[in-house]
Amino acid sequence: MARTRHVLPGFRLSLGFTITYLSLIVLIPLSMLVWKASTGGWDGVWATITHARVIASLKLSFTTAFTAALVNGFFGLLTAWALERYSFPGRRVLDAMVDLPFALPTAVAGIALVTLYAPNGWIGAWLTQYDIKAAYAPLGITIALVFVGFPFVVRTLQPVIADRARRDGEAFEAGREQ
């Protein structure tokens, strides 16, 4: 029986390594999580899901994520539109600033945001005057989610806006020729 040759040399070895790595890093911890959660049976799972802290954490997570998505959707569309459609001073700086969350490690971004929004931080000191707490509060979580998610929205919408502008330009030129 002849062995089929793969286009990629060492494919089976790399596939085996990938599956082993995936199992060790992702699948085993996930299966332990499910196993531990199900040790009490369905009653234990239901008791855990309906616990007041779990409900509060889910409510906080979904509320802040939804708010951040709305903010990112509006301002991301606005920024992508401005970057694609207009030429203005500082455009390249704004374009580079959009990618800042990609360049920063998550821990560094978190420390920077907490430092800025803490009661003695640059922005937090100003917010404290108005009795607004941002650091370690839902507002701070929303700000962090906006910071992390903003470049994804802008970079996803930019090609769509550029393609739309190209199509509109082609349609306009076709209309002028007739």
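Student: Which residues line the second largest pocket?

Tutor: This is a predicted model, in which local features need pLDDT of at least 70 and side-chain atom pairs count only at pLDDT 80 or more, while totals for chains, interfaces and linings use all residues. Residues are numbered from 1 along each chain as its sequence is written, and side-chain values use heavy atoms, with hydrogens and water left out. A pocket is an open set of points, on a 1 Å grid over the protein atoms alone, where a 1.4 Å probe fits, with protein on both sides within 12 Å along at least five of seven lines; lining residues have an atom within 4 Å of a point. The second largest pocket is lined by G110, L113, V114, Y117, A134, A135, Y136, A137, G140, I141, I143 and A144.

Student: Which elements give two or more residues to that lining of the second largest pocket?

Tutor: Helices are DSSP runs (H or I, at least four residues), numbered from the N terminus. In the second largest pocket, two or more lining residues come from each of α6 and α8.

Student: How many residues of each class are found in the lining of the second largest pocket?

Tutor: Ala, Val, Leu, Ile, Met, Phe, Trp, Tyr, Cys and Pro count as nonpolar, Asp, Glu, Lys and Arg as charged, and the others, Gly among them, as polar. On that basis, the lining of the second largest pocket holds 10 nonpolar, two polar and no charged residues.

Student: Which element gives the largest share of the lining of the largest pocket?

Tutor: The largest pocket has 13 lining residues, with M97, P101, V146, F147 and F150 nearest its centre. Two or more of its lining residues come from each of α4 (91–98), α5 (100–103), α6 (106–117) and α8 (138–177). By class, its lining has 13 nonpolar, no polar and no charged residues. The largest share, four residues, is given by α8.

Student: What is the phi of Y136 near?

Tutor: Most residues other than glycine have a negative phi. Y136 is found in the loop between α7 and α8, and its relative accessible area of 69% makes it exposed (over 50%; buried is under 20%, and partly exposed lies in between, with a 1.4 Å probe and protein chains only). Its phi is positive, near 60°.

Student: Is D131 buried or exposed?

Tutor: D131 lies in the loop between α7 (122–128) and α8. Its phi is also positive, near 55°. With a relative accessibility of 75%, D131 counts as exposed.

Student: How many salt bridges does the count come to?

Tutor: A salt bridge is a side-chain nitrogen of Lys or Arg within 4 Å of a carboxyl oxygen of Asp or Glu. R155 and D95 form such a pair at 2.9 Å, N to O; R155 is in helix α8 and D95 in helix α4, 60 residues apart. D99 and R155 form another, at 3.0 Å, N to O. The count of salt bridges comes to two.
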